[in-house]
Amino acid sequence: MTSIGDSAFDGCSKLTSITIPNSVTSIGSSAFCNCTSLTSVTIPNSVTTIGGSAFDGCSKLVYKVKENLKYLGNSENPYLYLVGVISTSITEANIDNNCRFIGSCAFYGCSGLTSVTIPNSVTSIGGYAFRDCSGLTSIMVPYSVTSIGYGAFEGCTWLDKIYYKGSESEWGTISIDFYNEKLKNATRYYYSAEKLTASGNYWHYNENGEIEEW
């Protein structure tokens, strides 16, 4: 088996645990939605895509918690999939460096969130992941990201700067779903270790490791 389809176990209220085999590469949307007795799940490193709302309604699921963030994964990487936050009152988020997926609605409604660090390990940002994070004014997107889901940045009222850790042509290869106007209309800065004479917006890390515009 290589994939778990959309809504495959949706509503299986007596399912208590599941181990997904290493052959699986994709988990569909709402795959385990409303599995209200599910307490544990093992997601292998082989998984490359996880659909939206995959674990919504799993009220008894036990997560790995780190710095106010909830994750699912496996014994080797318990921080594979960022599910969400413990409290929407957070003001900053430091996502674990081993995280590969930011789940749908992960930071939905975190209006006080002003700072988020997305590590180079992240490959996808789920739908509505940062919806209504009205406190965000800028965000750094690593080159590892290949897809940004539906409405991921909808309602980010003051988001006006995107620092992309890659080139303009590389940005063009990212799959960006609908309702991400704030992301698309924000001023983009592309990474360059050296100051360029060519026209355009560029950024680099200064001596303190902070983002700085050229």
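Asp-96 is buried, at a relative accessible area of 7% (buried means under 20%, exposed over 50% and partly exposed in between, with a 1.4 Å probe and protein chains only), whereas Lys-66 is partly exposed at 30%. These two residues form a salt bridge whose closest N and O atoms are 2.6 Å apart, the term requiring a side-chain nitrogen of Lys or Arg within 4 Å of a carboxyl oxygen of Asp or Glu. Asp-96 sits in the loop between β9 (92-94) and β10 (101-102) and Lys-66 in strand β6 (residues 64-66), 30 residues apart; strands are DSSP runs of E with at least two residues, numbered from the N terminus.

The model is predicted, local features need pLDDT of at least 70, side-chain atom pairs count only at pLDDT 80 or more, and totals for chains, interfaces and linings use all residues. Residues are numbered from 1 along each chain as its sequence is written, and side-chain values use heavy atoms, leaving out hydrogens and water.

## The other salt bridge

A search of the whole structure finds two salt bridges, and one of them joins the side chains of Lys-161 and Glu-213 at 2.8 Å, N to O. Because Lys-161 lies in strand β15 and Glu-213 in strand β19 (residues 211-213), this pair ties together parts 52 residues apart in sequence. Lys-161 is partly exposed at 28% relative accessibility, and Glu-213 is partly exposed at 31%.

## Contacts of Ile-125

Leaving aside residues up to four places away in sequence, Ile-125 touches several residues, including Ile-102, Phe-130, Val-145 and Ala-152, where contact means heavy atoms within 4.5 Å.

Methods:
Helices (H or I, at least four residues) and strands (E, at least two) are DSSP runs, numbered from the N terminus.
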